[in-house]
Amino acid sequence: MGSPVFLIGGGWDRAEVYEPFLRQVRGARRIGCLIVDEGDGRAQFERYAQALLKAGPACVPVPLLVPLGGRFVPETALDGIDGLLVCGGLTPAYQEALAECLERLPDLLAERGLPYAGFSAGAAVAARRAVVGGWLVDGVPVCPEETGEDLAEVEVRAGLGLVPFAVDVHAAQWGTLARLVTAVGRRQAPYGVAVDENTLLTVAGDEARVSGAGRVHVARPAPDGVTVRAYGTGESFGLR
């Protein structure tokens, strides 16, 4: 793994969750904000821009809007960009927007030395095996229906592979930990992390470190099921 990867579990109350990401950005500090535009993309960009500028006034947020159903072309979109923030919204739509560059984008980020941050959906698609939504497993509810991201059955799709574990988000607020546990228990991912809102998980080298207001819940397979351990701000865990 090259540059650190920054995973934010959602929420808008803590601008400081962006600060470690912004400290990694070099050059003109132009932050590309990838947003799948469901009709309000410009307004969504302004919300992210305000959070970024509050965390790092010297940065320059840049909108990278992809229409719903469109595809992200990183080779041209990232020209002149010094760091990439993949934003939140409908997670399956983000996976679809990135589907044609899942292998190229990580290589391009590494070649250009661009840090990656993911907010909510952007955190989920950073995984090699991305939990993109759903609230049912074989017709049985595992999390609230309103968290399903317009999917019924839980779906795990190919992601960017920037981190070795699956990621779910809004864990405490939306009750999505059970969805992640189910995916790990069914061996759809090697292991997983569920990140609370206003919480940052920084993945660097062989370690992941938690900061922010909430917790990160790590689900690992075990002989008799799945074990879960929660980590708070200042705590870290090893990757495998």
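So, the lining of the largest pocket: its largest share, 4 residues, comes from α2. Helices here are DSSP runs of H or I with at least four residues, strands are E runs of at least two, and both are numbered from the N terminus. Keep in mind that this is a predicted model, where local features need pLDDT of at least 70, side-chain atom pairs count only at pLDDT 80 or more, and totals for chains, interfaces and linings use all residues. Residues are numbered from 1 along each chain as its sequence is written, and side-chain values use heavy atoms, with hydrogens and water left out.

Back to the pocket. A pocket is an open set of points on a 1 Å grid over the protein atoms alone, with protein on both sides within 12 Å along at least five of seven lines, and lining residues have an atom within 4 Å of a point. β2 (30-37) and α2 (41-55) each give at least two residues to the lining. There are 19 lining residues, and Gln-44, Tyr-48, Gly-88, Gly-89 and Phe-119 lie nearest the centre. By type, that's 6 nonpolar, 7 polar and 6 charged; Ala, Val, Leu, Ile, Met, Phe, Trp, Tyr, Cys and Pro count as nonpolar, Asp, Glu, Lys and Arg as charged, and the others, Gly among them, as polar.

Okay, salt bridges. We take a side-chain nitrogen of Lys or Arg within 4 Å of a carboxyl oxygen of Asp or Glu, and the whole structure has 8. The one I'd show you is Arg-179 with Asp-168, at 2.8 Å between the closest N and O atoms. Arg-179 sits in helix α8 (residues 177-185) and Asp-168 in strand β10 (residues 166-169), so this pair ties together parts 11 residues apart in sequence. Arg-179 is buried, at 2% relative accessible area, and Asp-168 is buried at 2% as well. Buried means under 20%, exposed over 50%, partly exposed in between, with a 1.4 Å probe and protein chains only.

Arg-179 turns up again around Thr-147, which touches Trp-174, Thr-176 and Arg-179, leaving aside residues up to four places away in sequence. Contact there means heavy atoms within 4.5 Å. Thr-147 is in the loop between β8 (140-141) and β9 (155-158), and is buried at 3%.

How many disulfides does a search of the whole structure find? It's 0, going by cysteine sulfur atoms within 2.5 Å. For Cys-59, the nearest cysteine sulfur, in Cys-33, is 8.1 Å away. Cys-87 has its closest cysteine sulfur in Cys-33 too, at 4.9 Å, too far for a bond, and Cys-87 is buried at 0%.

Conventions:
On a 1 Å grid over the protein atoms alone, a cavity is a set of points where a 1.4 Å probe fits but cannot get out, and a pocket is an open set with protein on both sides within 12 Å along at least five of seven lines; lining residues have an atom within 4 Å of a point.
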